[in-house]
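Biologist: Show me the model, please. I want to know what stands behind each label.

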Amino acid sequence: YLGMAFIRSRLACAQEEPQSQADIPAILRRTFARTTHIFMATAAARLVVGYAYPPEPIFMTVRFLFTVAGVFQGAIWAREFIIGLIARRAEEDGRGETLANAMGLIRVLVTFALFAIATIMVLDNLGVNVTGLVAGLGIGGIAIGLAAQGIFSDLFSALSIIFDKPFRKGDTIQFGTTTASVVHIGLKSTRLRSVDGEQKIIANAKLLEQEITNFSDIATRRYRMAVGLIYQTPPDKAERVQEILHRAIEEAGAEFQRASFTAFGPSSLDFEVHFFVHGHDITQADAMRHKVGMAILRHFA
C-alpha cells in the first residue's frame with residue numbers, strides 16, 4: 001500500500017510541472033494519479049491473503065472487495081484516459097473553447113457508460129443474472145432516445161462539429177442561400193452573423209443536413225472575367241487580346257491561367273480570362289480582382 005501511495009504521490013506532483021498537459025505521458029500520469037485509496041488497500045490485502053492462507057471466509061471477502069474495487073478503479077482510469085485523449089485532440093485543433101462547452105456532456109456520457117458496464121460486471125461476479133437488467137437498460141435507453149430524439153440529435157451533431165471540423169468559430173460558410181460567419185458553436189444550436197449583419201440561429205442537426213461551403217480554408221481562388229470587343233476591332237488587334245490580358249494580370253500581381261475567344265456575341269466579340277489569386281482573406285482577394293480589372297482597362301485603353 002505504501003509503495004502504491006508513493007508512486008501515486010509522485011505522479012500527482014509530476015502533473016504540476018510546467019509542460020504540455022495534452023501529450024500521452026501527461027495523460028497517463030493524470031490517469032494513474034486517480035488511483036483511489038480503497039483500490040490500493042484492497043490490492044494490498046489481496047496480495048497478503050494470497051501468501052498468508054487465511055480462513056476461507058476471510059479470503060472470499062477480500063477477493064470480493066478487491067474485485068469490486070478493481071472493476072470501479074478500471075472504470076475511473078478508463079474515464080480519465082478517454083477524456084484526456086478528447087482534450088488532446090481538441091488542443092491540437094485549437095478547439096478548447098468549443099470543447100469546454102461540450103466537456104460536461106462528454107464527461108457525463110463517458111462516466112455513465114463506463115460505470116454502467118462496471119456495475120454489470122460486479123453483479124455478474126456476484127452470481128446475479130444480469131440478462132434481464134441489460135435488456136431493461138436497453139429498452140429504457142431506446143425509450144429515452146425516442147422521447148428526446150431532437151435534443152440528442154443536436155447534441156451529437158455538436159460533437160460531430162467539434163471533432164469532424166467542418167468549420168470553426170470565425171469561419172465564413174455558406175449553406176443553402178445563406179452566407180454567414182460562425183459566431184458561436186453551442187450544444188443545441190450554432191449562431192451565425194450573415195453578411196448583411198443579421199444574427200441567424202440554426203439547430204446543429206439541421207445545419208449538418210445541408211451542404212456546407214467553407215470559404216475560410218481557401219488558399220487559392222480562381223476568378224473568371226469576361227471581356228467584349230466591338231465588331232469593328234481589326235483581326236490583328238483581336239489576336240493580341242491574350243497577350244494583353246496576360247501582361248495586365250501579371251502586372252496587377254495575380255497569376256494568369258488562360259484567356260481565349262469564346263463566342264460571337266450579339267454586339268461584341270466575347271473573350272474570357274481566368275486567373276488565380278492567392279491568400280485566405282476574401283477581402284484582399286476581392287481587392288485583387290478589382291486591381292486586375294483596372295489593369296486590363298488601362299492596357300486596352
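Biologist: Which residue of β5 stands opposite Ile-173?

Modeller: Asn-214 does. This is a predicted model, where local features need pLDDT of at least 70, side-chain atom pairs count only at pLDDT 80 or more, and totals for chains, interfaces and linings use all residues. Residues are numbered from 1 along each chain as its sequence is written, and side-chain values use heavy atoms, without hydrogens and water.

Biologist: What makes β1 and β5 a pair?

Modeller: Pairing takes at least two DSSP bridges between two strands. β1 (residues 172-175) and β5 have three bridges, in the antiparallel sense. So they count as paired. A strand is a DSSP run of E, at least two residues; a helix is one of H or I, at least four; both are numbered from the N terminus.

Biologist: Why are β4 and β5 called edge strands?

Modeller: The open sheet runs β4-β3-β2-β1-β5, with antiparallel pairing. β4 (199-203) and β5 (212-214) each pair on one side only.

Biologist: Why are α10 and α11 called oblique?

Modeller: Helix α10 (residues 241-252) and helix α11 (residues 282-300) pack at about 135°. Angles run from 0 to 180 degrees between N-to-C directions, with axes fitted to C-alpha atoms over the stretch in contact. Under 35 degrees is roughly parallel, over 145 roughly antiparallel, 65 to 115 roughly perpendicular, and the rest oblique. Therefore the two helices are oblique to each other.

Biologist: Which residues make the contact?

Modeller: Among them are Ile-244 and Ala-248 of α10, and Val-292 and Phe-300 of α11. Contact means heavy atoms within 4.5 Å.
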